[in-house]
Amino acid sequence: SAVFCFSHPAMWQVNLKHPSRFLYPMAKARAKLDPARVQLQLKVSLLDIRPPIWRRLLVPATIKLPKLHDVLQLCFGWTNSHLHAFRLEEESYQAVYPDDWGADFFGMSKPHDEKKVRLCDLLHAKDDWLIYEYDFGDSWEHEVLVEKLLPGVTDKAVTCIDGARAGPPEDCGSIPGYENLVDAMADPKHPEREQLLEWLGDPYDPEAFSLDTLNKQLKRLKI
């Protein structure tokens with residue numbers, strides 16, 4: 001049976017932090033697709049958090065990475081207050097500035113300009129994936145996984161079709177700070193509860209997620 005993909009060679013992709021996920025070259029016949037007529041069904045999950053925080057999205061295959069960044073910011077409730085990068089193997093795709101001092105700061109090769117890259121240039125077939133990292137201090141890593149290629153779809157809108165749980169508050173101290181915050185919200189006697197509530201401004205519900213509200217926000221986003 002044919003396997004849908006774009007006209008790119010199969011790639012080995014290994015994330016050393018998550019050795020259980022490998023992508024092997026595929027021997028099956030490949031049905032070449034025009035990416036301009038394809039939607040991707042993505043599952044985007046914040047790594048190393050349990051219960052998981054995730055979103056299932058339909059996006060045009062040709063979406064540029066800066067627009068995908070905007071989408072992911074909305075999906076997880078981020079406020080675009082920090083740097084970000086898309087990472088595939090040892091390559092990094094991010095906003096590039098003329099005086100970019102951080103090209104080799106993280107021990108990686110010089111980053112590629114994300115403005116020049118479409119999602120379909122990096123992810124070509126089912127089970128392809130990359131990492132979207134937001135806030136290099138707290139280092140929120142999101143796995144962006146292709147679940148399906150939907151050929152014959154020219155809709156350029158982005159839609160969320162499923163998901164679970166609220167994204168962490170900005171600047172909460174990475175995963176340990178997030179876990180402490182969740183514990184404090186659940187325990188009226190937690191020693192840091194009042195301090196954290198004052199910092200938050202409003203109570204934080206880690207289980208909150210509204211599909212309708214998110215899709216209204218996505219609908220206003222120009223892709």
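Which residues form one aromatic cluster with Trp78? The cluster consists of Trp78, Tyr134 and Trp140. This is a predicted model, in which local features need pLDDT of at least 70 and side-chain atom pairs count only at pLDDT 80 or more, while totals for chains, interfaces and linings use all residues. Residues are numbered from 1 along each chain as its sequence is written, and side-chain values use heavy atoms, without hydrogens and water.

**Aromatic rings**
- There are 3 aromatic pairs in the structure (ring centres of Phe, Tyr or Trp, the last by its six-membered ring, within 6.5 Å; planes under 30 degrees apart are stacked, over 60 edge-to-face, the rest tilted).
- One of them is the tilted pair of Trp78 and Tyr134, at 5.1 Å centre to centre and 40° between the planes.
- Trp78 lies in the loop between helix 1 (65-76) and strand 7 (84-88) and Tyr134 in strand 10 (residues 129-134), so their pair ties together parts 56 residues apart in sequence.
- Helices (H or I, at least four residues) and strands (E, at least two) are DSSP runs, numbered from the N terminus.
- Both Trp78 and Tyr134 are buried (under 20% relative accessible area, 1.4 Å probe, protein chains only).

**Charges over rings**
- The charged end of Lys43 sits over the ring of Trp54, 4.8 Å from its centre (NZ of Lys or CZ of Arg within 6 Å of the ring centre and within 35 degrees of the ring normal).
- Arg55 has its charged end over the ring of Phe76, 5.0 Å from the centre.

- An open sheet of 8 strands has the order 9-8-7-10-11-5-6-12, with mixed pairing (strands pair if DSSP finds at least two bridges between them).
- Strand 9 (112-113) and strand 12 (159-164) are the edge strands, each pairing on one side only.
- Strands 7 and 10 run antiparallel and are joined by 4 bridges.

Technical notes:
Buried < 20%, exposed > 50% of the residue type's maximum accessible area, 1.4 Å probe, protein only.
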